Each structure stands twice: as C-alpha cells, then as structure tokens.
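Subject: Structure handover

Hello,

Here is the structure I said I would pass on.

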Amino acid sequence: QVQLVESGGGLVQAGGSLRLSCAASGRTFSSYPMGWFRQAPGKERELVAGISASGRATYFPDSVKGRFTISRDNAKNTVYLQMNSLKPEDTAVYYCGGRSGGSAIKAAPTAYDYWGQGTQVTVSS
C-alpha cells in the first residue's frame, strides 16, 4: 500500500510559479511511475505531468509543455511538480497518482491505483 499526500498549492497571480510536492509512504514508491493530474470544476481529471519510476522519462501534454516540470527524489519518497508561467486556466485541484500496474507513464486516471487528497491551485488574472 502507498499513501500519497500533496502540498504546496495556493493562490498565485498569472505569470507566477508554484511548486507542488507529493510525499509517499511505502517501500515500493521507487518502483512506481507517478503522475500529476488536475481537475477543474465540471471537467474530467487530466494528466499534466508523468514521470517514470527511475525519473529518466517524463511526459507533458501540450497545454503545459515548457511551463511545468516534474521530478522525483526516491530517497525521500517525494515527487515534485514545478509550475511556472501560470495561467488562470491552470486553476484546478491537483492530485498526484501512483501506478503499480506497469512501468509506462499513462494518461488515463484509471491506470493509477493510488491517489492523494488533492491540493487547490488558484491562478488569478
């Protein structure tokens, strides 16, 4: 079992930056691909960044490419999401997810087995 706890959300002006953290419990964290997702009211949960278990492979959709980066520190059981040049449309609840069923980064939320409680990110214009 893995438990995930996100932190670092908040209110920021457009153009600003935030760094989210996701702390994991459990010895198997380092073997899981991880993803950061977001969900805005009335919208589906979407992947905004994914990282392989080793950290060598990452994935970003076009909507955040060049603005968001993802990293992980397996020694600290933590995955990070650095968000720069934030836009009002980035406003959402951000979740981290852990995937125990394979090594690939997947975009579908249903591919992830473990979730944190989410952290709110609000970007004002």
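This is a predicted model: local features need pLDDT of at least 70, side-chain atom pairs count only at pLDDT 80 or more; totals for chains, interfaces and linings use all residues.

Disulfide

Searching the whole structure turns up one disulfide. The bond runs between C22 and C96, with an S to S distance of 2.0 Å. The angle about the S-S bond is 55°, and the link of C22 and C96 is right-handed. C22 belongs to strand 3 (residues 18-25) and C96 to strand 9 (residues 92-98), so the bond ties together parts that lie 74 residues apart in sequence. Neither end is open to solvent: C22 is buried at 0% relative accessibility, and C96 is likewise buried at 0%.

As background, strands of a sheet pair through backbone hydrogen bonds.

Strands 4, 5 and 6

Strand 5 (residues 46-51) pairs with two strands described here. With strand 4 (residues 34-39), the pairing is antiparallel over five bridges, and R38 stands opposite E46. With strand 6 (residues 58-59), the pairing is also antiparallel, over two bridges, and G50 stands opposite Y59.

Both pairs are hairpins. Six residues lie between strand 4 and strand 5, and G42 in that turn has a positive phi of about 80°. Six residues also lie between strand 5 and strand 6, where G55 in the turn has a positive phi of about 90°. Strand 5 itself is mostly covered, with five of its six residues buried.

A loop residue

D90 sits in the loop between strand 8 (78-83) and strand 9. Is D90 buried or exposed? D90 has a relative accessible area of 0%, so D90 is buried. Leaving aside residues up to four places away in sequence, D90 touches R38, R67, F68, S85, V121 and V123. R38, one of these contacts, is the residue that stands opposite E46 in strand 5.

Regards

Key: Residues are numbered from 1 along each chain as its sequence is written. Side-chain values use heavy atoms; hydrogens and water are left out. A disulfide is a pair of cysteine sulfur atoms within 2.5 Å. Helices (H or I, at least four residues) and strands (E, at least two) are DSSP runs, numbered from the N terminus. Buried means under 20% relative accessible area, exposed over 50%, partly exposed in between (1.4 Å probe, protein chains only). Contact means heavy atoms within 4.5 Å. Two strands pair if DSSP finds at least two bridges between them.
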